[in-house]
Amino acid sequence: MRDAMSPGFGSLQPDMESILAMGQCPPFREDDFEPATQSEKETFIEVRKSMSYWQDAWRRLKKNKVAMVALGVIILFLLFAFVGPLFSPYSYEQQIRGAENLASSLAHPFGTDSLGRDLLVRVMYGSRISLAVGVIASLIVLVIGSIYGSVSGYLGGRVDDIMMRIVELIYSIPDVLVVLLLSTVLKVPLQQAFNSNNFFRFLSTLGPGLISIFIVFGMLYWVGMARILRGQILQLKQQEYVTAARALGANSSRIIRRHLLPNCIGQIIVTTMLQIPSAIFLESFLSFLGLGIAAPLASLGSLCSDALNGIYTYPMRLVFPAVILSILILAFNLFGDGLRDALDPRLKK
Amino acid sequence: MNENRLVEIKNLKKYFPVKLGLLKTKNVQAVEDVSFYIREGETLGLVGESGCGKTTLGRTLLRLYEPTSGQILYRGKDITHANMLPYRRKMQIIFQDPSASLDPRMTVGEIVGEAMDIHNLYGSKKERQDKIRTILEQVGLNSEHANRYPHEFSGGQQQRIGIARALAVQPEFIVCDEPISALDVSIQSQIVNMLEDMQQELGLTYLFIAHDLSVVRHISSRIGVMYLGNLVELGESYELYKNPLHPYTRTLLSAVPIPDPRKSKEKKRIVLEGDIPSPINPPSGCRFHTRCPYAMPKCAEETPPFLEHQPGHWAACHLL
């Protein structure tokens, strides 16, 4: 009972002192109740900064620590692979007499191989090749897959049925087998082409192995992208803004270019991004088998393969390229995941 | 009377195929044998329950869906199989869901400008900018809004953008597909008033699709009532409200709430039994006979013809 009487919590009684204090308030003035003028009203209007899709995505991506670390690692690797060789006194094919099979030292941080080539610079060049292969192969996938998928999804019906059966057919072809066969089969005709034509001569530095990898990506690997894009387009073409564009008289190509593809740009970028590590991995795997890059060029895979020859005596030769390859693939995968979350927040679990 | 028919449809049908099994295909009879015309400068209201084919009718009329059979005439010309591009400039549509009808990846300026791009309606970039600004101001938006994205706007503003896009090609005829159903009541009246002002200023003709009877009554000069793909009654707005002929129209009108409790108590509400039948398996004869309080044996057998019972007042019912 006493608790209820005392002022404070739970009491509905107004505090006596505050009532008395109210009398001491200055009385209202005439202009206290004037309606706000236009300029006064405008000070209350807060215009939010217009945020484009990319700014918004970047803001979300910045919050994702794992993705940002992965992005940092990727940038470091790019510097390592493309700027790094400039600071090295050696070139990747330079054989230093009397410096064969060195262990790590100040002059050769990663040591040298059995021919006296500096391993650090070879790893740098190897990363460069691996990154380039990953990016180029993904771009091939991007172009073919997105065109095929968007046409199939947009046209729908029987055309879509037939196009998707083709995709399923290609899915069922064992890709590694095709690369192995192609690089063997293409060896002779490509060699002939290299000798006949200036343009092809430029390609000859890559070797038949690498070219057959690109051909295989162009032939087989776009199907994943095509499927993802078809699904997206099937969904998006039902949207009312597509109907609105048709009502305005837009033709199919305009609708695909201006409305459908921009609305799945997130998916496209993410799929391309996740294609890079798988391309790097495939190239390394084939180079490891001796089918990829042609010597004296090196890729991370061929460096691993070379290291196998002296694995018991010089294990470090395997460790450097293998670790770099693993970190590179991991970084691309993590960044791709982060990018997906940032570009398409709905997909996040 | 005949010469100022802007849009006319004759026996328009639209069926959608539905796959029921591996080989079985049936049709959803979304629009079944509808004929009417719209006079230049008038507003034809189209009402009916959800799923009765109003939207399909509106879109088929613009050839956004290809009609299964029937004819569409624009200024007396048959456009059922014509190349639509020149007519896209004349006939436009405003959608129900303003946010879904605007491409989220385009700025408002791009959305409004796209229509002009397609039809080459400007000479220079500056002219394009000016036109976009004029149209945005016409629908009550700010010209600075052109650089913003649709998601930054409220529902009412988004609908204004949709209207601006439709107006960008200077159309003569606009299908308003439930343009206010997704909006707040306070915004609804703003949009309706704006549509009316536009009609006055630009001499537009509307097909106004809605399920809100009071709004349709306010804006329309004539009203058509649809039930399960059929047009059951069509008449002058005032006449139709005063003297509904078809039992379904009576039922609909009895459902309109009256903002006066005393009058509302007196009013008798006709409540229909059962659900609206599936348009895949529509009832035989008169499609309304399964729910009609006055149904006769004849109704299940014969489809009632759509006849002019009073001058300018059509209905399809065996009772009349």
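Predicted model: local features only at pLDDT ≥ 70, side-chain atom pairs only at ≥ 80, totals over all residues.
Figure 1. The unreviewed UniProt entry places the feature "transmembrane region" at several stretches of chain A, including residues 169-190 and 210-229. For residues 169-190 of chain A, the end C-alpha atoms lie 27 Å apart, and the span is 86% helix and 0% strand.

**Figure 2. The open sheet of chain B.** Four strands of chain B form an open sheet in the order S2-S1-S4-S5, and their pairing is antiparallel. Strand S2 (25-39) and strand S5 (77-78) of chain B each have a single partner strand and stand at the edges, so one side of each has no neighbour in the sheet. Strand S1 (residues 5-19) of chain B runs antiparallel to S2(B), and 11 bridges join the two. In one of these pairings, B:Pro17 has B:Asn27 in S2(B) as its bridge partner.

**Figure 3. Two residues of chain B with positive phi.** B:Asn11 belongs to strand S1 of chain B. Its phi is near 45°, a positive value in a residue other than glycine. B:Asn11 counts as exposed because 12 C-beta neighbours lie inside 10 Å. B:Arg63, which is not a glycine either, has a positive phi of about 60°. This residue sits in the loop between helix H1 (54-61) and strand S4 (69-74) of chain B. With 19 other C-beta atoms within 10 Å, B:Arg63 is partly exposed.

**Figure 4. The largest nonpolar core.** This core holds 153 residues, of which B:Ala164 and B:Phe208 touch the most other members. Helix H6 (residues 119-155) of chain A gives the most to the core, with 14 residues. Beyond its neighbours within four places in sequence, B:Phe208 is in contact with several residues, among them B:Leu44, B:Leu46, B:Cys176, B:Val216 and B:Ile219.

**Figure 5. The contact between chains A and B.** Chain A contributes 15 residues to the contact and chain B contributes 24 residues. On the side of chain A that touches chain B, helix H11 (240-247) and helix H12 (252-263) of chain A each supply at least two residues. H11(A) gives the most to this side, with 6 residues. By class, the side of chain A that touches chain B comprises 7 nonpolar, 6 polar and 2 charged residues.

Key. Residues numbered from 1 in each chain as written. Chains lettered and ligands numbered in written order. Pairing = 2+ DSSP bridges. Core = buried A, V, L, I, M, F, W, Y, C linked by C-beta atoms within 7 Å. Buried ≥ 20, exposed ≤ 12 C-beta atoms within 10 Å, placed from the backbone. Contact = placed C-beta atoms within 7 Å. Nonpolar A, V, L, I, M, F, W, Y, C, P; charged D, E, K, R; others polar. UniProt positions renumbered as here; feature names shortened; annotations may be inferred.
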